[in-house]
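Here is a structure to be questioned term by term.

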Amino acid sequence: MARPARTSLSFFTSRELAVAARLSARNMGLLIEQRLAPEAVENGSGKSGHRRYDAAALAHAALIGCLQNAGFELLVSARLAAAFANDHAASHGRLHSNLGAFLHPPLNPGKSYPWGKTPNDPDISFEQDFWLHYLLRNQSSIYLRGKALMGDFIIEIADHAYVVTRILDLEKVKVFSPVSRDGLPVSIEYRIAGRGSAARIVPAHMEVNSLDFSVDPVSAEQMRRLEQDYLKGRRDAETIVNINLSLGIRNAFDRVQDDRETRGSILELQTEA
């Protein structure tokens, strides 16, 4: 199978970002104006001067939509999504869609690939999540739409303040901590300070003097107290919001594919904002 055209499966419009995030064009425009939207890979250089975005931006938009759908203000949603997108781009390359689960048992017991390729084939880049999603959805029978999967990335937000993460169905596996011998039940990530336009996203690692805990006992104690604050905030929370980021990304990809099929644009990029 030939590599799909870049215009169909590699690039997306700002309108499609809004579809992925379930946002109005007006709200997406506001995020673009406030520089809180996902970053464009081509800014005004395409036909009619419209922005183009990649699959990572589409996943980023999906998280904004998940957070707003959970009741968070638009700007808070955008700032927290940007923090996750930036950190995951640096550490993992992209936000975790968990689409790779469909390539392995138990979801794919025979490890068969109906499109005639394998993950090691040089003609297919499985790093491009939307491409893999397209193949799974349209050229296989193993794709499950709208289903949570083991290994999905879960974000928990306690009392609109403490943001932690865990992996679905792997909660019994302790998370490594550089200062706690027994590990943690969740990863501590961010604190949301304030509300609305004044809200700030404070990464946990920015609340200690140094990350060199082995030689800096003061910072190590700061981190222990911080971990305890996060775990206490989670345990004693009145409300905890759970967001399945991986499922949110897969659902967003489905919405974009549905939209393209409806508009007849799967093979040609629609260059409209």
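Predicted model: local features only at pLDDT ≥ 70, side-chain atom pairs only at ≥ 80, totals over all residues.

Q: How many helices and strands does the protein chain have, and what pattern do they follow?
A: The chain has eight helices and five strands. Helices (H or I, at least four residues) and strands (E, at least two) are DSSP runs, numbered from the N terminus. Along the sequence the pattern reads α-α-α-α-α-α-β-β-β-β-α-β-α.

Q: Why is valine 173 called exposed?
A: Its relative accessible area is 54%. Exposed means over 50%, buried under 20%, and partly exposed in between (1.4 Å probe, protein chains only). Valine 173 therefore counts as exposed. Its place is in the loop between strand E2 (162–167) and strand E3 (187–193).

Q: What makes Met150, Leu170 and Val173 a patch?
A: Patches are made of residues with over 30% relative accessible area and no salt bridge; nonpolar side chains (Val, Leu, Ile, Met, Phe, Trp, Tyr) are joined within 5 Å, like charges within 9 Å. Met150, Leu170 and Val173 form a nonpolar patch with about 290 Å² of accessible area together. Such areas come from the Shrake-Rupley method with a 1.4 Å probe; for residues, only the protein chains shown count as cover.

Q: Why is the contact between arginine 145 and aspartate 254 called a salt bridge?
A: The term needs a side-chain nitrogen of Lys or Arg within 4 Å of a carboxyl oxygen of Asp or Glu. Here the closest N and O atoms are 3.8 Å apart. Arginine 145 lies in the loop between helix H6 (129–139) and strand E1 (153–158), and aspartate 254 in helix H8 (residues 245–263), so the pair ties together parts 109 residues apart in sequence.

Q: Are arginine 145 and aspartate 254 buried, or partly exposed?
A: Arginine 145 has 46% relative accessibility, so it counts as partly exposed. Aspartate 254 has 1%, so it counts as buried.

Q: What makes aspartate 258 a salt-bridge partner of arginine 145?
A: Their side chains meet at 2.4 Å, N to O. Aspartate 258 in helix H8 and arginine 145 are 113 residues apart. At 25% relative accessibility, aspartate 258 is partly exposed.

Q: How do you know that glutamate 207 and arginine 191 form a salt bridge?
A: Their closest N and O atoms are 3.0 Å apart. Glutamate 207 sits in the loop between strand E4 (200–203) and helix H7 (217–235), arginine 191 in strand E3, 16 residues away. Glutamate 207 is partly exposed at 28%, and arginine 191 is partly exposed at 24%.

Q: Why does the span of helix H5 agree with expectation?
A: The expected span is 1.5 Å times one less than the number of residues. For the 18 residues of H5 (residues 74–91) that gives 26 Å, and the end C-alpha atoms are 26 Å apart, which agrees.

Q: What covers the buried residues of H5?
A: The cover includes helix H3 (25–33), helix H4 (55–69), E1, E2, E3 and E4. Among the buried residues are Leu80, Phe84 and His88.

Notes: Residues numbered from 1 in each chain as written. Heavy atoms only, no water. Contact = heavy atoms within 4.5 Å.
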